[in-house]
Amino acid sequence: MKNLMGILALSILFLIFSCGGSENGGEASSSSSSGSIDESSSAEAATSSKGVGEIKNLNLDDSLNVSMVFKGKQIVDMKCASCHKLTDKRVVGPGFEGVTNRRQPEWIMNMITNTDVMLAEDPTAQKLLEECLTRMPNQGLSVGDARDVLEFLRQNDEAKLGKRDEAYQEG
Amino acid sequence: MKNYLFISLIAFAASIIAGCGQRDSQNVIQGDAAEQVYVAPGEYDEFYCFMSGGYSGQITAYGLPSGRLLKEVPVFSKYPENGYGYSEETKAMFQTSYGEVPWDDSHHIELSQTDGNFDGRWLFVNGNNTPRIARVDLSTFETVEILEIPDVAGLHCAPFITENSEYLVSGTRFSIPIPQKDVSIDSYKENFKGLINYVSLDQEHGHMSLAFQIEMPGFNYDLARNGKGKSHGWSFLTTYNSEQAHTLLEVNASQMDKDLMAVVNWKKAEEYMEEGRFTERETNYRHNVMDEETGIAESRKMTKTKILKPEDCPGMVYFVPVPKSPHGCDVDPTGEYIVGNGKLSADMSVYSFDKIQEAIANEDFDGDFEGIPIINYESALDGIVKKPGLGPLHTEFDGKGNAYTTFFISSEVVKWDVETKEVLDRQSTFYSPGHLVIPGGETKNPDGKYLVAMNKITKDRYLPTGPELAHSAQLFDISGEKMKLLLDFPTKGEPHYAQAIKADKVQPNAKKFFRIEDNKHPYRAQGESKTKVERDGKNVHVYMTAIRSHLAPDNIEGIKMGDTVYFHLTNLEQDWDVPHGFAIQGANNAELLVMPGQTRTLKYVPNRVGVLAMYCTDFCSALHQEMSGYLRVSPENSNVKLKWGLSDEFGTKEDWRKLQEEAAG
């Protein structure tokens, strides 16, 4: 009788463990589905999103600030150029050429300073991740650093394409 | 009814399962032990517990109360897991006056203090075998400095810290001829001396320097503590072998009824140093320091030491008798009581700092040893803890007036009242504890919530793993009147002492990565455009970068047999927990594990012609398997040009210059 009770008890314990397992599994899968991917948007196409992050509205001067361009170039060289070339050639990440014509400046700066959240929540960033397969790392740039990088990217587009800031919407 | 049946079945099943466990612990485990040590996934432990590794030479950080291993920090032993001791930057850490010594026996952890409380800046630990003291930076958990202590042997009695981290105090375990000379071992009494060492600390960077050494009679200096509060400025060191035996110490050093505890007035010693009452002596030791900006360790040769002799410095050193072969020497949080544990004595002696001062003032001495006054035992004694157990070793305090002592022979922890000397509780440990630790237990303000006993013998506590078993640690809840055993957990090496500190004193300072902008390593590559390969005679320097998920350059040609290749790998990542590794086939040393923003160097001497593979060893991203490259090795007389790069940028030095000009233009 004692043995029987023991076996019965053990099988109940087993049931409890298996119940627990499936409950946790259920929760995990529901939370991971929160950031859905917008299938209709093409990553390389222009988007009108400003992205997710602390950069809400940016006012750009029409002229370029040379010292910011210079600082931005140094940062790009140290922290970004391993993966992003200045041409339209994709290496690890997309080439920089034309980025200010495709993306709003706020989106660019949010992608730089708020990378993990952008990859989790922004459909364009997620689409790019699907294509590139390597998560863009958070390279520890401040908002000021990111603004310098943006200035350099504007200059790069002007030099390469003769046009820049086409995605910029004032106000 | 159905529910009731269910619950009782569960309870019954649980009791059967518990019954399968150790009989001994069944008696002591009570009710909610599991709940007390459970730290839910994603939550943090309340304390860091830093344990020495004994013969592993390393230290480990555990979380309390969970007993989870957080990290092993390599200190005195080379560590191929991350390249410590193998990378060019860290090799110098192992230099001593004996040459490279790649291992040691780490014993006592001391955390830095401010006003008698742990401050979470640095951790110090001694190397017992080839006398050394190491400093670990608690923002990076890396060993950043190792200081050799000259003219001592077996630096067991170390590195005990003073209440404002002014000094680390240590003493020689084995006395030896000073300076070393070729003499008969029989001439011990005539030729052998012991040194007590004071290492001062620079408060900004934590750098150690040997301030002075006190030349003492040739005993075995065992353990020490410094005073706190009212006794700040004094050190207490137990000794054994006042018989001055040199063979079969287990018998010959245990003849006398009492040994001696040294009592040092270090403030007085400082005055004598200022007056210049020291003798400077030629000696030989190494001081190895990691440069904070370059991350490169440098080993400096040191040649002088300053010696204070008790006969020249009255009032600096005294002795107090301690019953039979003392070991631990512990000062309570008020600084008034000093506990001397005689390993072979049935009783424990508790001394009063006030009474010691009074005896010194009244010259209440019982003779002297080589001119050092011996304070009258009865006059210094505050009281005796009568027959608390067998083989008392170490004592810590809970800040509520209680002391906790480990008893090796009777295998238990005993709680007693510091004022009344009354035994309040005793709990078995499994088995034979050495040290014990209470968070903050050495400080003015212990956190008397938990106690960890570090046991020397494991036997049947875990699933067997052959003849060698992990040493066991046991966590007790000491918040109530009776101690309550909560948890067993295996440890690494043989932890001797440990110190535990509130997590919130360490956690906020944790460095997440090194800023790439601040990297001052001479062979750094701050960006992929700075990567290059340079030949300097037979030496080839590869300035390489790593980022998810490629090495640059990843193709290198033009290396020849007879060359020595230095891979200087800079990790360009600037995010937490993204190290990159680097390994190349046939390397006769180890791998590199490079933290974000850091540069580390692997020396490689090819031993065959061909194309060798290299790759990142730390799974860093979905394309980690692709993070690899090739090194082409040609015969010594070949004229293959030095070329490097990746993708379509593979070329010679001239090609690279052109590429860079284009990029700049």
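Helices α3, α5, α6 and α7 of chain A are among the elements that cover the buried residues of α4(A). Helices here are DSSP runs of H or I with at least four residues, strands are runs of E with at least two, and both are numbered from the N terminus. Eight of the nine residues of α4(A) are buried; buried means under 20% relative accessible area, exposed over 50% and partly exposed in between, with a 1.4 Å probe and protein chains only. Among the buried ones are Trp107(A), Met109(A) and Met111(A).

This is a predicted model, in which local features need pLDDT of at least 70 and side-chain atom pairs pLDDT 80 or more, while totals for chains, interfaces and linings use all residues. Residues are numbered from 1 along each chain as written, chains are lettered from A and ligands numbered from 1 in written order, and side-chain values use heavy atoms, without hydrogens and water.

**Cavities and the pocket**

On a 1 Å grid over the protein atoms alone, a cavity is a set of points where a 1.4 Å probe fits but cannot get out. A pocket is an open set with protein on both sides within 12 Å along at least five of seven lines. Lining residues have an atom within 4 Å of a point. Points are joined across faces, edges and corners, and a volume is the space filled by probe spheres set on them.

The count comes to three cavities of 30 Å³ or more. The largest cavity has a lining of 32 residues, with His84(A), Pro94(A), Phe96(A), Met111(A) and Met136(A) closest to its centre. Helix α4 (105-113) of chain A is one of the elements that give two or more residues to this lining.

The second largest cavity has Phe160(B), Arg225(B), Asp330(B), His394(B) and His435(B) nearest its centre. Strands β15, β21, β27 and β31 of chain B each supply at least two lining residues.

For the largest pocket, the residues nearest the centre are Lys71(B), Thr140(B), Phe141(B), Lys511(B) and Trp576(B). Strand β3(B) gives the most to this lining, with six residues.

The table sets out volumes and lining classes. Ala, Val, Leu, Ile, Met, Phe, Trp, Tyr, Cys and Pro count as nonpolar, Asp, Glu, Lys and Arg as charged, and the others, Gly among them, as polar.

| Space | Volume | Lining by class |
|---|---|---|
| Largest pocket | about 1400 Å³ | 22 nonpolar, 10 polar, 11 charged residues |
| Largest cavity | about 550 Å³ | 21 nonpolar, six polar, five charged residues |
| Second largest cavity | about 90 Å³ | six nonpolar, five polar, three charged residues |

**Nonpolar cores**

A nonpolar core is a set of buried Ala, Val, Leu, Ile, Met, Phe, Trp, Tyr and Cys residues joined through side-chain atoms within 4.5 Å. The largest has 29 residues; Ile196(B), Tyr198(B), Ile214(B), Met216(B), Leu308(B) and Phe319(B) touch the most other members. Helix α6 (266-275) of chain B gives the most to this core, with four residues. A second, separate core of 28 residues includes Tyr48(B) and Met290(B).

Beyond four places in sequence, Phe319(B) is in contact (heavy atoms within 4.5 Å) with residues including Met216(B), Leu260(B) and Phe369(B).

**Cysteines**

The whole structure has zero disulfides, a disulfide being a pair of cysteine sulfur atoms within 2.5 Å. For Cys157(B), the nearest cysteine sulfur is that of Cys329(B), 8.3 Å away. Cys157(B) is buried, because its relative accessibility is 0%.
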